[in-house]
Amino acid sequence: MGFLDNFKQAMEAAKEAANNNIERQRAEKAAAEAAQRPQARPQPARTQSRLPEGVVQANLMQMDPIPLGTNSNGQNVMVSISGVIRAKAMGASSLDSNAQRVEIKNIVRETLTRELAPNINSMGDLKFLMLTANRLNPVVIEAIKARGYEAAFTMPLVIRPVQ
């Protein structure tokens with residue numbers, strides 16, 4: 001049986017050599033693919049705003065819903081708003097840009113609460129909300145200007161009821 005034993009050993013050696021050859025080919029293929037893939041360029045960290053000097057951008061979508069009170073049906077009415085305002089202090093401001101954003105959001109909240117509260121029973125009507133938002137765009141800007149800022153909407157005001 002010496003011949004069969006030698007044959008079995010030769011088959012095992014051939015099998016091992018074939019497996020090694022397959023692994024080597026896979027490694028070469030992976031290395032070639034890695035060399036062909038373009039390397040991602042590191043993006044520089046954004047350190048400066050793209051806005052002009054002294055201009056801040058207040059995103060109203062990040063504000064909490066505004067409670068308006070209770071309507072005639074006894075339901076608490078809250079509205080959420082969205083829009084983006086860019087503003088610049090007219091004179092020298094002692095506030096940093098984050099504090100200016102907070103101040104602008106507070107002015108918007110006060111103005112909308114004052115303007116929307118008398119119409120609390122109409123807050124579910126989509127057409128009313130759209131028309132009111134269009135009417136309130138200049139009112140909000142005037143309120144911000146009255147507090148010492150030049151301001152403009154970059155995304156108009158949108159009012160939505162909160163269920």
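Reader: Serine 82 first: buried or exposed?
Author: This is a predicted model, so take every value as computed from it. Serine 82 is buried, because its relative accessible area is 9% and the cut-off for buried is under 20%.

Reader: Which element is serine 82 in?
Author: Serine 82 is found in strand 3. That strand covers residues 76–89.

Reader: How many residues of strand 3 are buried?
Author: Strand 3 is mostly covered, with 10 of its 14 residues buried.

Reader: Back to serine 82. What does its side chain make a polar contact with?
Author: The side chain of arginine 160. The distance is 3.2 Å.

Reader: And which residues is serine 82 in contact with, leaving aside neighbours within four places in sequence?
Author: Leu60, Met61, Pro156, Leu157, Val158 and Arg160.

Reader: OK, strands. How many bridges does strand 3 form with strand 4?
Author: There are 11 bridges, and the two strands pair in the antiparallel sense. Strand 4 spans residues 149–162. As one example, valine 79 has proline 161 in strand 4 as its bridge partner.

Reader: How many bridges join strand 1 to strand 3?
Author: Strand 1, residues 55–59, is joined to strand 3 by 5 bridges. These two strands run antiparallel. Asparagine 59 is bridged to valine 84 in strand 3.

Reader: And strand 2, how does it pair with strand 3?
Author: Strand 2, residues 66–70, pairs with strand 3 over 4 bridges, in the antiparallel sense. Glycine 69 stands opposite valine 77 of strand 3.

Reader: What do strand 2 and strand 3 form, and how many residues lie between them?
Author: They form a hairpin with 5 residues between them. Glycine 74 sits in the turn and has a positive phi of about 85°.

Reader: New topic, pockets. How much space lies in the largest pocket?
Author: About 240 Å³.

Reader: Which residues lie nearest its centre?
Author: Asn71, Gln75, Val77, Gly124 and Pro161. They belong to a lining of 14 residues.

Reader: Which strand gives the largest share of that lining?
Author: Strand 3, with 3 residues. Strand 3 and strand 4 each supply at least two residues of the lining.

Reader: How many of the lining residues are polar, nonpolar or charged?
Author: The lining of the largest pocket has 8 polar and 6 nonpolar residues. It has no charged residues.

Reader: Moving to the helices. Where does glutamine 100 lie?
Author: In helix 2, which covers residues 97–116.

Reader: Why call glutamine 100 buried?
Author: Because its relative accessible area is 6%, and buried means under 20%.

Reader: What lies 3.4 Å from a polar atom of the glutamine 100 side chain?
Author: The backbone oxygen of leucine 95. Leu95 is also one of the residues that glutamine 100 touches, not counting those up to four places away in sequence.

Reader: Last one. Where is the place of isoleucine 22?
Author: Isoleucine 22 is in helix 1, residues 2–36. It is partly exposed, with a relative accessible area of 40%.

Reader: How many Å apart are isoleucine 22 and valine 158?
Author: 63 Å, C-alpha to C-alpha. In sequence, isoleucine 22 and valine 158 are 136 residues apart. Valine 158 is also among the contacts of serine 82, where we started.

Note on methods:
Residues numbered from 1 in each chain as written. Predicted model: local features only at pLDDT ≥ 70, side-chain atom pairs only at ≥ 80, totals over all residues. Heavy atoms only, no water. Buried < 20%, exposed > 50% of the residue type's maximum accessible area, 1.4 Å probe, protein only. Pairing = 2+ DSSP bridges. 1 Å grid on protein atoms, 1.4 Å probe; cavity = no way out; pocket = protein on both sides within 12 Å on 5 of 7 lines; lining within 4 Å. Points joined across faces, edges and corners; volume = space filled by probe spheres on them. Nonpolar A, V, L, I, M, F, W, Y, C, P; charged D, E, K, R; others polar. Polar contact = N/O pair within 3.5 Å; in protein donor to acceptor, adjacent residues only side chain to side chain. Contact = heavy atoms within 4.5 Å.
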